[in-house]
Amino acid sequence: MVFWLASPVMDPSMFLLILGVLGLSFAVGKIFAAMGIGLLGGYVIHLLQRSGVFADPLRPDVGDGGCAGNQIRQPNQVVWKFWPHPERRSRFLKESYKNGLFLGKWLLLAFLLESLMLAYIPADMVVDLVGTDSWLSQASATLIGVPAYLNGYAALPLVGGLVQQGMAPGAAMAFLVAGGITSIPAAIAVFALARLPVFLAYVALALSG
């Protein structure tokens, strides 16, 4: 649960993007948000399991070999130097191109949407909805972030534009954290592995965190 909750919130590439779009303090704050929500979820699930809840958390036929099962069955030395091998060089270039295309596509869409939003959405409306660091604006940003969050790389420029329009930092953090955890790719991965009560606990922990 710690991994499911924390990993969608922050990773090295996300940190660099937040650094460029929202600044160092927000990037560091999001690291603490990821750690905090992960620990919250981990301890809650730990306490529930000690009381007998979630004794069998995974769906049937899930968990073949446990964590790192392939390394246990077929232990091999990790070879980091890929460049001496033509087939690994080819795969590296192919994956680099694929990841670059993926990031470029989403960032292009995100900055296009940001420019349209800055041009056509009145700043007063943003301030009225999520312009204060009250619990109400953070709750609103959380509830908006769950269905509206498409992709972490696309969300950052959008939130950057909203902050320029007057969105409060707390509301921006709530949008990015709640939306990142409950985004369709992250949620589907959990839903495919865990039984329904565990999945519902995951969503509840994302919203409460």
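Me: Which residues touch the most other members in the largest nonpolar core?
Reply: In this predicted model, Ile-18, Leu-176, Ile-181 and Tyr-202 do, out of 39 residues in that core.

Me: Which helices each supply at least two residues of it?
Reply: H2 (12-21), H3 (24-50), H8 (152-165), H9 (169-182), H10 (184-193) and H11 (196-208).

Me: And which one gives the most?
Reply: H9, with eight residues.

Me: Back to Tyr-202. What is Tyr-202 in contact with, leaving aside neighbours within four places in sequence?
Reply: Met-1, Trp-4 and Leu-5 are contacts, and so are Ile-181 and Thr-182. Ala-186, Ala-187 and Val-190 complete the list.

Me: Switching topic: where does UniProt put the "transmembrane region" annotation?
Reply: The unreviewed UniProt entry gives residues 14-40, 101-121, 141-163 and 175-205.

Me: How much helix is there in 14-40, and how far apart are the end C-alpha atoms?
Reply: That span is 93% helix with 0% strand, and its end C-alpha atoms are 22 Å apart.

Me: What about 175-205?
Reply: Residues 175-205 are 90% helix and 0% strand, with 15 Å between the end C-alpha atoms.

Me: Where is Phe-54 placed?
Reply: Phe-54 is in the loop between H3 and H4 (69-73).

Me: Buried or exposed, and why?
Reply: Phe-54 counts as buried because its relative accessibility is 16%, and the cut-off for buried is under 20%.

Note on methods:
Residues numbered from 1 in each chain as written. Predicted model: local features only at pLDDT ≥ 70, side-chain atom pairs only at ≥ 80, totals over all residues. Heavy atoms only, no water. Core = buried A, V, L, I, M, F, W, Y, C linked by side-chain atoms within 4.5 Å. Buried < 20%, exposed > 50% of the residue type's maximum accessible area, 1.4 Å probe, protein only. Helix = DSSP H or I, 4+ residues; strand = E, 2+ residues; numbered from the N terminus. Contact = heavy atoms within 4.5 Å. UniProt positions renumbered as here; feature names shortened; annotations may be inferred.
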